[in-house]
Structures are given as C-alpha cells and as structure tokens.
Amino acid sequence: MGIDQVITSVIAVVGVPLALLGYIIVGEQVIERLSDSVQSWIRPYFWALPAVGFATIFMVYPLLRTVVISFRNSEDTDWIGLANYKYFFTFPDTLTSLRNSLLWLVFYTFFAVFLGLIIAILLDRVRYESLAKIAIFLPVPISAVAASIIWKFMFDYQPPGTPQTGTLNALIGLFGRDPVAWLVNSTTNNAALIFVGIWTAVGFCMVIISASLKAISSEVLEAARIDGANEFQIVRLVVTPLLWPTITVVGTTMLINSLKTFDIVYVMTNGAYDTDVIATQMFSQLQHAHYGRAAAVGVVLFIAIVPLLIVNIRRFQQQEEQR
Amino acid sequence: MSAEQVTTRRESAVAGSVSALNNLGYRLQRLPLHLVIIIFCAIWIVPTIGMMINSFRSVSDMGTSGWWTTLFPPHGFTLASYNQVLSLEGVTPSILSSVLITIPSTVIQLTIATMGAYAFAWMKFPGKDIFFIVIVGLMVVPIQMTLIPVLQFFQLIHLNGTIMAVWLAHSGYGLPFEVFLLRNYLGGLPREIFESAEVDGAGHAVRFLRIAVPMTIPAIASLTIFVFLGVWNDLLVALTYLGTSTARPFTVVISQLVTSLGGGWQFLTAAAVLQMALPLAVFIFLQRYFVRGITSGSVKG
C-alpha cells in the first residue's frame, strides 16, 4: 500500500463521476440527433445501463454461475450431479453448521426483534429516552470485528482460583459460581455468539420500531386507558397489533441477517468447537478451493432466503399500488 | 390506579401533602421501569467501555485482572497497546488501505446508483417493472452466492488482490439497495418541476444534473454515511478478494491477528478502538442523518 494506490484512488474518486458526467452529456448529444421514436426507445436503456450492467456482472450472472458450479467438481472440469449437495447434507461438520444456522435463525431473530420492541416501548415512557436510545444504539455503527473483540473480553476465561479478567465470569464469581469457558464449552458457545449478534442488532430494531411507535396516535392509547385497560394490556392488545407491519419488516431483515451471519463467528471462534454457521462453512470451503462444495453451500443459503425474497417483492408491489 | 384512589379519598383532609405523596407513590410505581431500562443500557454500553479502558492498560494487566480494577488507584494507564499495534507489520498500511477502499467505493456506487435511479423514476421503457423487481430481489440475495464467480472473474482480468477489485465488488453489491432507495426518493419529487423544465426545452441531462441531483442531496447524504460505514466495517468482501494481499483493510488485518495470535491477543483492543473510532465519531456527530438513513432503508437485507 503506497503512493501508487493513493493516486489511483484520487483518480477514481474524481474520475468516475467525471466519466459518468461525460457519458451523460456526450450520450444525450448523440441521442438527441436521432429520430423521436428511436430516442424514446434507446434513452431509458442508455440511462439505466451503468447500474443494470454492474448489477448483472456482480450479482445476476454470478448467481446463475454459482448454481452451475454447485453441480461441478472442484476443478470445474466435470459434472458430478448432486455430490456437492450430498456432501453438505451428510458430512458431520456441515450438518453442525446447518444446525447452528437454524439456532441463529430462531434465537437471533426472535430476541433481536423482541428486545427491540420491549426497549422501544419502555423508553417511550421515560424522559431520558433519547439518551438511553444512544446507549442501546451504540453497537450498531461498530463493526462486527470490533464487537467480537469487545465480547472476547466479556467472555474471557481464567482457571478457577485465579482472578477473572472476563466481566461475565467475574460477575458469576460474585455469586460463588465457578468460571465458565463460554466460547469453548459447547453448551454455551453458540448461545454466547448469538447473544453478541443480538447485542449488535437490537439498536437497529429499536430505532425502527420506535419510529412507528411515535406514529401511533395518543388518542388511541387514551381511549384504551379510559376503558380500563392496564399498561400490559395496552401493550399486548393495542400497541403490538398496531406495530405488527413494522415488526414483520424488521423481522424479515433479521431473518436474512441471521442466515448471512459471518463476521462474529469468524472472528470470535473461527467456527471452532462446533460453532460453524453456513456462511463460515462456505468460506472455509472457498479457502480450500473446494469451489463446487462452497457453491452448493451458497445455493442452500440462497434457497433458505428465497421465501423472504418473495415476501419482500410482494411488499414492494403492494407499496407500488399505493403510490 | 391505586394512587388515584388514594388521592380521592384523602383529598378533603390533607390537600397540600397529598400531591407530594401521590407524586412519591407514582415515582415508586415507576421504579421498576427505570431499573429495567438502566440494566438494559448497562448491558449495551458497559462492554464497549470496558474494552476501551482495557486498551489503555498493559497486556500483562489485561491478562491478570479485569478492566474494572483500573477504576481504583493505581490506575496504571499506558499507551503500550497502541504502540504495539501500530508497530506491527501491516497495521498502519491497512488503515490507509481502509480509507482508500472506502472512499472510492462509496463515490463510485452512489454516482452510478443516482443515474440508474433517475431512469427508473422518470423514464418509461418496456421491461422496466421486471428490471426493478429483479433489483428489489437482489437486495436480499446473500453475497455468498456471488463470491466464487466474481473471484474467478477478478482472477481472469488480473484484478484479484487489488483495491480496484474491492471497489467494483462493493459497488456491485451496494447498487440494488441504493437504486431502490434513490428511485423512491426521486419518484417522490413533484412532477410539475420536471414537466415545466421539459417545456422550457431542457433535455434529460439538464433535468438530471440541474434538478434531480440537487433535490436528492438529502437522500444521497444519508445514504453516503450508511454506505461509507458499511464498507469501512466490511470483512467478508475484503477477506475474499484481498485475503493476504498488501492492500487488505484494517478489519481483515485485525481478524487475521485474532486468529493467528491465539493467546496474547489482548493488545488488539487498541486496534479495535482505532477501527471503531471513525464509525463512532460519525454516529455521534451525524446522528440524525445516520438514524434517518437506517429508518428509511429498513427494507434492506
């Protein structure tokens, strides 16, 4: 990394917008000379081309190509049918990663959304709301890499009898409990990793849920109070149903995130002690140049996301009808 | 409820002290609420503070006592971890590399996305709806589905291991979401403005550059923060296309140090603090734009 890269970067930062500007101005000059019917036919494609081109090269084509690779051997020389998929669904390590991803899917999604909802509702009732929100939101801008190092210290383990350096073990030590090797012990490590994921995600859920909570008119809540509903009933029977559309949007996002989880597992345990998830499993196959197997893992991940993709498209179409 | 009943019963007797009593009762009733909130806030803030404090302690202190012991004298604060991290081979270049990856990636994708979004918002063409539905679908496609073919593509054109590869990859991955968001924003601008410009003889180039772009600046600003931090914090994309290249960014170097060091990783707290300094600064100073970007883009996967 030297002066050359700095110059290349400056050229890119200045050059790309200028190049696009040139593309637009020169292109429009050319298009305006054409006949009206040709103009109206060609112009939209000319404008959409850079974006659609990028999306095609880096997403659409690779997506299709990955499906093809998943049916081929590591050297990409021969068709091997479903062998890569058979490997994925029979090999113990990959099955563990599949199980862990399911754990992430259920617990990460549920608790991130649930805690986001609870905290948003609680904070709505106090005067220091904005300050408390900053505290809860703080982990969101932090990278998963940094969050992993933060939590490596929380989960740090020293042998019993020595001073505990990990916050969590020091805390349970106060109650006379023996320290736990949270990240090594296979009964706690997945829960520990999922908790770190939840910790980084709750702020995101809270902010979005809180925004639509503010949109609920206070008259509705007043009416419920006059009818004699207590606070718990109001939350359960009035607020939550009104927030449901938002909760499903946030929930879908969390489901997708849970399936794509990579950074936290990669940095904190690198998949050791049975903590692998499908994304880290795929990456290690990729590192070992088992492209076929890696592609099959990718396809499985994609298939798991397809229902959510359809939900998103449906929601988009509904929004379009309302425009 | 009960506080209210107490009030009505005693109202006639001691009107003055009642409101104080009522107030106290109300406060006591709300005590659990405050307690729960404080516990949540502590869980969400203490780990970060603990690690920040640890980053200013010596490695031997970190390995033998918890960060909280430093709150009492002797404090023993030192910058040793920072010196150690920055003197490690590859760390300082990787910080520069993070900057050189993040800024061009952000600029490239946002300029392309704005132009594409304009076409989808203000032009009619056959297949437009299908194209756009594909874009909506692409927003949630896991990038894992693209890693292998894109890696092979970079190897083919000899871009593998260069920062240019990561610029292109990030731009490709970010585009669907940005086109989607900007198209919604652009499409919400008043139609009359564009129509009257057309009547005045302004072509699409003028309408885009003089009307659409300036009016979209608020959305672009929020998106810039969002995209910038996304690329700055990225691990997977850089790890895949840069791996062990000298152009690898800070996040990749930190993650590789964590795995290779095994024990004695404690001084990496300093690296983590340096890595998250920029996102935290952005969050603190540009909070409003940051949160707006998140709420408006809540559909993103």
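Author: **A helix pair across two chains**

Helix α1 (residues 3-32) of chain A packs with α5(B) at an angle of about 10 degrees. Their axes lie 9 Å apart. Angles under 35 degrees count as roughly parallel, so α1(A) is roughly parallel to α5(B). The model is a predicted one.

Which residues make this contact? From α1(A) come A:Gln5, A:Val6, A:Ser9, A:Ala12, A:Val13, A:Val16, A:Pro17 and A:Leu20. From α5(B) come B:Leu100, B:Ile103, B:Pro104, B:Val107, B:Ile108, B:Thr111, B:Ile112 and B:Met115. An α-helix has 3.6 residues a turn, so residues three or four places apart point the same way. By class, the contact of α1(A) with α5(B) has 13 nonpolar and 3 polar residues. No charged residues take part in it.

Now the whole contact between the chains. Chain B puts in 92 residues, and chain A puts in 89. On the side of chain B that touches chain A, helix α5 (residues 91-122) gives the most, with 16 residues. That side of chain B divides into 63 nonpolar, 28 polar and 1 charged.

Another helix of chain B comes next. In α6 (residues 128-138) of chain B, the buried residues are B:Phe131, B:Ile135, B:Val136, B:Gly137 and B:Leu138. What do the buried residues of α6(B) pack against? Two partners belong to chain A: α2 (36-69) and α13 (291-322). A further partner, α8 (163-187), belongs to chain B.

Chain A has 13 helices and 0 strands. The radius of gyration of chain A is 26 Å. The globule rule gives 20 Å for 323 residues, and the value for chain A is well over that, so chain A is more spread out than a compact globule. The C-alpha trace of chain A spans about 80 × 60 × 50 Å along its principal axes. Of the 323 residues of chain A, 43% count as buried.

How is chain A divided? The domain assignment gives domain 1 (3-69) and domain 2 (89-322). Taken over C-alpha atoms, the centres of domain 1 and domain 2 of chain A are 37 Å apart. Among contacts in chain A with a separation of 6 or more, residues 24 or more positions apart account for 66%.

Note on methods
Residues are numbered from 1 along each chain as its sequence is written. Chains are lettered from A and ligands numbered from 1 in the order in which they are written. This is a predicted model: local features need pLDDT of at least 70, side-chain atom pairs count only at pLDDT 80 or more; totals for chains, interfaces and linings use all residues. Two residues are in contact if their C-beta atoms, placed from the backbone, lie within 7 Å. Helices (H or I, at least four residues) and strands (E, at least two) are DSSP runs, numbered from the N terminus. Ala, Val, Leu, Ile, Met, Phe, Trp, Tyr, Cys and Pro count as nonpolar, Asp, Glu, Lys and Arg as charged, and the others, Gly among them, as polar. The radius of gyration is taken over C-alpha atoms; the globule rule is 2.2 Å times the number of residues to the power 0.38. A residue is buried if 20 or more other C-beta atoms lie within 10 Å of its own, exposed if 12 or fewer, and partly exposed in between; C-beta atoms are placed from the backbone. Domain bounds come from an automatic or database domain assignment. Axes are lines fitted to C-alpha atoms, for helices over the stretch in contact, and angles run from 0 to 180 degrees between N-to-C directions. Angles under 35 degrees count as roughly parallel, over 145 as roughly antiparallel, 65 to 115 as roughly perpendicular and the rest as oblique.
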